[in-house]
Amino acid sequence: MAADEVDGFQYDGSYIFSWVSDISGLPLDQVNFFVSQLLGLLLAPVFQYVLHPSTTSPATRHTFGMVMGLAFGYLCFGIQALHLAGLPAICYIVMRTQNPKTMQRVVMAVSISYLSFIHLHRQMYDYGSYTLDITGPLMVITQKVTSLAFSIHDGMTKKEEELTQLQKSHAVRKIPNPLEYFSFMFHYQALMAGPMVFYVDYIDFINGTNFLKHSPPQNGSLDRNSNSRKVVIEPSPFPMVFQKVILSFVCISLFMYLMPMFTISRVKEDEFIGNKGMVSMMMYLIVATSVARLKYYYAWLLADGICNASGLGFNGYDPETGKPRWDLISNVDILGFEFGLNIRSSIEAWNKGTTRWLRLVLFERAPKSYSTVLTYTLSALWHGFYPGYYLTFFGGALFTFAARQVRRSVRDYFLDSKQLKAFYDVITMITSRLTMAYVTFPFILLEFYPSIRIYLHMYLWLHVLALFAIFVLPTICPKRIKEAPIKSEKIESNGSLALMPDMLDSIDCKMKSPKSL
């Protein structure tokens, strides 16, 4: 293999750690990513304690985070890192020059177009490769510039009563200055793998007000009725950081061990198609997609640990235990996803920052009748143009509508006793696991024909059941009429068995104003 190639693809990142790649046998792009995250973790205590907001100016904290982020970007992507500056620079000009009433739409169009061009370029010259490239950080930056644009639009052009609770918590009243803006885009804690951080949360973190907004239960502050200044004891993030970092390495170790045995590419082989029946195919898809998720858990948990170690992500205290919560920007709840009782609760625990972003920039603003389809469409465009993405997201829209109808028609019949309710929960949990594997394997496989081939060999069984649920089930199993009125009209929507958009419709925004997916 040529010295300037990784898996046959021209790699522009730094070769300073090529000796580690030679010794470990890992591709250089993966080595550079790991080194950048390890350095980020080591720098986090410096940011938290040496550059503490009580002793360091916001400008210094902004500059340090931004410079280190750009350094990590150059380490991993070399000359490609120019795109990290190009996209937000263009969008900042738009924010400064366009009317705030329409500026957010122009920013959305510019950023998605720029990102789409990079996606298409990658697919043309490195189709199907998992080599680390600039598209990952650009996806995060696209989320940041669009969320900020919509937040500025909400804060500068709308009255508070016109905003939803989520929009109120994210509203920005003035356009950031260049240092604030580019620091928000490039800060090293979340540049490489997320998580999605909203501007208001980031500014609270830089200024140190994220801790001041939350007092420990019963102690940690002086008498609230006195005239003395409030004293807040900042909780240590390191127990949670240690837990997340250890779990991330467990995930990547399991992934490296299991991936050769359960590679998703195996489903393309004629031997696999010929020797496996529908049930064994389905079981393999469940295992293979579960193994593939481990690499996302690794990246997200490690990135979340880096943010927490820097002081970013504090979300108050648990009202029952009094323990500090470090889940403000967490991207995944592994147990919540893997053992969710329904699809909605599973999706609510997966890629949570992206879910909040989609809700803020589109779902709450689109016409109700089109919000689900439009949200899935934006999510697909944001991910790229591999056919597998569109099979997954448009399939997800179908299963969203089907799950809503199943719940409306069937659930009330299982609420007469705890035993029936438990039986219903078990069935929906099993159905959710089947559906998640069935609908997401094309996302991992990327390709159209092999995905359709698998679906046809399984007789499109879940697609058929989904269509049955939408068009036939309401006729043969009408919604049960209860004797007592439902206490809240929100019960149905809040419990829908749905994929991302339905969850968006029901998720309770946990971030309090003036805080900012």
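# Working through a predicted model

Ser183 is buried, with 0% relative accessible area (buried is under 20%, exposed over 50% and partly exposed in between, with a 1.4 Å probe and protein chains only). The model is predicted: local features need pLDDT of at least 70 and side-chain atom pairs count only at pLDDT 80 or more, while totals for chains, interfaces and linings use all residues. Residues are numbered from 1 along each chain as its sequence is written, and side-chain values use heavy atoms, leaving out hydrogens and water.

## Exercise 1: A buried serine

Find the helix that holds Ser183 and the residues that Ser183 touches.

**Solution.** 
- Step 1: Ser183 belongs to helix 8, residues 178–186. Helices are DSSP runs (H or I, at least four residues), as are strands (E, at least two), and they are numbered from the N terminus.
- Step 2: Setting aside residues up to four places away in sequence, Ser183 touches His62, Met66 and Tyr202. Contact here means heavy atoms within 4.5 Å.

## Exercise 2: The cores

Describe the largest nonpolar core, then a core that lies apart from it.

**Solution.** 
- Step 1: A nonpolar core is a set of buried Ala, Val, Leu, Ile, Met, Phe, Trp, Tyr and Cys residues joined through side-chain atoms within 4.5 Å. The largest has 91 residues, and those with the most contacts inside it are Met95, Val145, Leu148, Tyr181 and Tyr297.
- Step 2: Helix 14 (residues 278–309) gives the most to this core, namely 12 residues.
- Step 3: Look at Tyr297. Beyond its neighbours within four places in sequence, Tyr297 contacts Cys251, Val332, Ile334, Phe337, Glu338 and Trp350.
- Step 4: Another core, of 29 residues, lies apart from the largest one; Val267, Tyr284, Val410 and Leu462 are among its residues.
- Step 5: Val410 sits in helix 19 (residues 387–410) and counts as buried because its relative accessibility is 18%. Not counting residues up to four places away in sequence, Val410 touches Tyr424, Leu473 and Cys477. Val410 and Lys479 are 69 residues apart in sequence, with 7.0 Å between their C-alpha atoms.

## Exercise 3: Checking two helices

Compare the span of helix 18 and of helix 6 with the expected value.

**Solution.** 
- Step 1: The expected span is 1.5 Å times one less than the number of residues.
- Step 2: Helix 18 (residues 371–383) has 13 residues and should span 18 Å; its end C-alpha atoms are 18 Å apart, so the two agree.
- Step 3: The buried residues of helix 18 include Thr372, Tyr376, Leu378 and Trp382. Gly384 follows helix 18 and has a positive phi, near 135°.
- Step 4: Helix 6 (residues 135–157), with 23 residues, reaches 32 Å from first to last C-alpha, close to the expected 33 Å. Since 20 of those 23 residues are buried, helix 6 is largely enclosed by the rest of the structure.

## Exercise 4: The cavity and Pro53

Which residues line the largest cavity?

**Solution.** 
- Step 1: A cavity is a set of points, on a 1 Å grid over the protein atoms alone, where a 1.4 Å probe fits but cannot get out; lining residues have an atom within 4 Å of a point.
- Step 2: The lining consists of Phe47, Gln48, His52, Pro53, Arg61, Phe205, Gly208, Asn210, Phe211, Glu234, Ser310 and Gly311. Helix 2 (28–50) and helix 11 (209–212) are the elements that give two or more residues to this lining.
- Step 3: Pro53 lies in the loop between helix 2 and helix 3 (58–77), and at 24% relative accessible area Pro53 is partly exposed.
- Step 4: Apart from neighbours within four places in sequence, Pro53 contacts Arg61, Ile206, Asn207 and Gly208. The C-alpha atoms of Pro53 and Gly208 are separated by 5.4 Å, though these residues are 155 apart along the chain.

## Exercise 5: Backbone details in loops

Is Leu446 buried or exposed?

**Solution.** 
- Step 1: Leu446, in the loop between helix 20 (418–445) and helix 21 (448–457), has a positive phi near 80° without being glycine. Leu446 is buried, because its relative accessible area is 5%.
- Step 2: Tyr459, in the loop between helix 21 and helix 22 (461–471), has a positive phi near 60°, again in a residue other than glycine.
- Step 3: Pro195 is in the loop between helix 9 (188–191) and helix 10 (199–207).

Conventions. On a 1 Å grid over the protein atoms alone, a cavity is a set of points where a 1.4 Å probe fits but cannot get out, and a pocket is an open set with protein on both sides within 12 Å along at least five of seven lines; lining residues have an atom within 4 Å of a point.
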